[in-house]
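Morning, everyone. I have one structure to walk through today. Please have a look at it before I start.

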Amino acid sequence: MMSYRIKIWKKSAFPSLFFLIAAAYLFGSAFYLKRQVRSEQKQSFGVTVSINREEDLQALLAMKEVKGGSVLYEIPATISSGIYSSDLVIQGIDSSMIPGILIEGEPYAEAGSMPYLILNEAALKTFLTDDTAVVEQISWLRNETTVDGTSAKICGIIRDESKQPAVYMSVKAAKSYLEMKGQIPAAHLAVVELIDAETIEQFQEKLLEMGYDSNLDENQMTEWKMEKMKIRYQVLAGVIALLAFIAILVSEIKRINFLTGKYG
C-alpha cells in the first residue's frame, strides 16, 4: 500500500509544485524590485527646492514628510589653500544637512560669520595639478586659506559618495560674505531631508500644489510609480499561485486518500 501511495504522489505532485515554484519566483522578484526601488529612492532623501524667500523654508519644514532642512546659498569663488588654488562653488547651508562622514576636523559653528569651510574629497582633488601630490599628505586644516582673497579656514573634510566637488560654509557666514561683497543675500534654494524613501512621491505632489519646483526627476518619479504597480501585480499573482498550489494539493490529498482507500 505504501509503494502504491508513493507512486501516486510522484505522478500527481508536478501540477501543485509548478504553482509553488511560480509563487516563490513571483514573491522573490517582487521583493528584489522593491529593494531596488527603495535603494534608488534613498539617494533622493536630500531634495533641493526652489523657493522665493528664506521664510518659505518654514512651510517646507511643516510638511510631515520632511525631517529637516536648510536654506541654500551658492557662491562661486576662488579658494586658495597654501600653494594650491581652485575655482569652486561654496554652498551656504546648515551643517546638519551636509551629506557624508566627517573624516577630519570638526563641523563649523552656525552662529559665526567667519568663513569656515568643509570640503569633500572630490573638492580637494581639484586643487592638485601636480600628479605627484597626494591629497592625504597635505595639511589642509593647517594651511593658510582664503576665499577670493578674504581670510578663511578649512575646518573639516568629509567623505561622501559624490564625485562632484562640494564646499560648505554656514548660512550666516554665507550671508555675511555676500554682504561684504556688496550683494544683498537672497535665498532662492532650500535643501530638505525626507523622513523616509516611501514619502518621496507624496512630497513631490505637495510641492507642486504649493507651487514649488524641485530637483526630483519627473521621469524617475513616473518610473517608480510603474515599478511599484508592477510589484503589486507580482505579489497578487504570487498569492494566486500560492492559493492554486494549496487548492491542488488539498485536492490531490483527497484523491490519493480515496484511491488508496479504494484500491490499496
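Let's begin with one side chain. Tryptophan 140 has a relative accessibility of 1%, so it counts as buried, the cut-off being under 20%. Keep in mind that this is a predicted model.

What does tryptophan 140 pair with? Take phenylalanine 127. The ring centres of phenylalanine 127 and tryptophan 140 are 5.3 Å apart. Their planes stand at 45°, so this pair is tilted. Tilted covers the angles between stacked, under 30 degrees, and edge-to-face, over 60. Where do the two residues lie? Phenylalanine 127 sits in the loop between helix 3 and strand 6, and tryptophan 140 lies in the loop between helix 3 and strand 6 as well. The pair therefore ties together parts that are 13 residues apart in sequence. And is this pair buried or exposed? Both phenylalanine 127 and tryptophan 140 are buried.

How many aromatic pairs are there in total? The count comes to two. The other one joins tyrosine 84 and tryptophan 140. Here the ring centres are 5.6 Å apart and the planes are at 50°, so the pair of tyrosine 84 and tryptophan 140 is tilted. Now the locations. Tyrosine 84 is in strand 3, residues 84–92. Tryptophan 140 is in the loop that runs between helix 3, residues 121–125, and strand 6, residues 145–147. So this pair ties together parts that are 56 residues apart in sequence.

Glutamine 234 belongs to helix 6, which covers residues 218–263. Is glutamine 234 buried or exposed? Its relative accessibility is 13%, so glutamine 234 counts as buried. What does its side chain meet? A polar contact of 3.3 Å joins the side chains of glutamine 234 and serine 29. Leave aside the neighbours within four places in sequence, and glutamine 234 is in contact with Leu26, Ser29 and Ala30.

Now step back to the whole protein. It has six helices and 10 strands. There are 264 residues, and buried ones make up 39% of them. Look at the contacts with a separation of 6 or more: 78% of those are between residues 24 or more positions apart. Last, the surface. The accessible surface comes to about 15,600 Å². Carbon and sulfur atoms hold 57% of that surface.

That's my tour. Over to you.

Technical notes: Residues are numbered from 1 along each chain as its sequence is written. This is a predicted model: local features need pLDDT of at least 70, side-chain atom pairs count only at pLDDT 80 or more; totals for chains, interfaces and linings use all residues. Side-chain values use heavy atoms; hydrogens and water are left out. Helices (H or I, at least four residues) and strands (E, at least two) are DSSP runs, numbered from the N terminus. Buried means under 20% relative accessible area, exposed over 50%, partly exposed in between (1.4 Å probe, protein chains only). Contact means heavy atoms within 4.5 Å. Accessible areas come from the Shrake-Rupley method with a 1.4 Å probe; for residues, only the protein chains shown count as cover. Rings of Phe, Tyr and Trp (its six-membered ring) pair if their centres lie within 6.5 Å; planes under 30 degrees apart count as stacked, over 60 as edge-to-face and the rest as tilted. A polar contact is a pair of N or O atoms within 3.5 Å; within protein, one must be able to donate a hydrogen and the other to accept it, and residues adjacent in sequence count only if both atoms are side-chain atoms.
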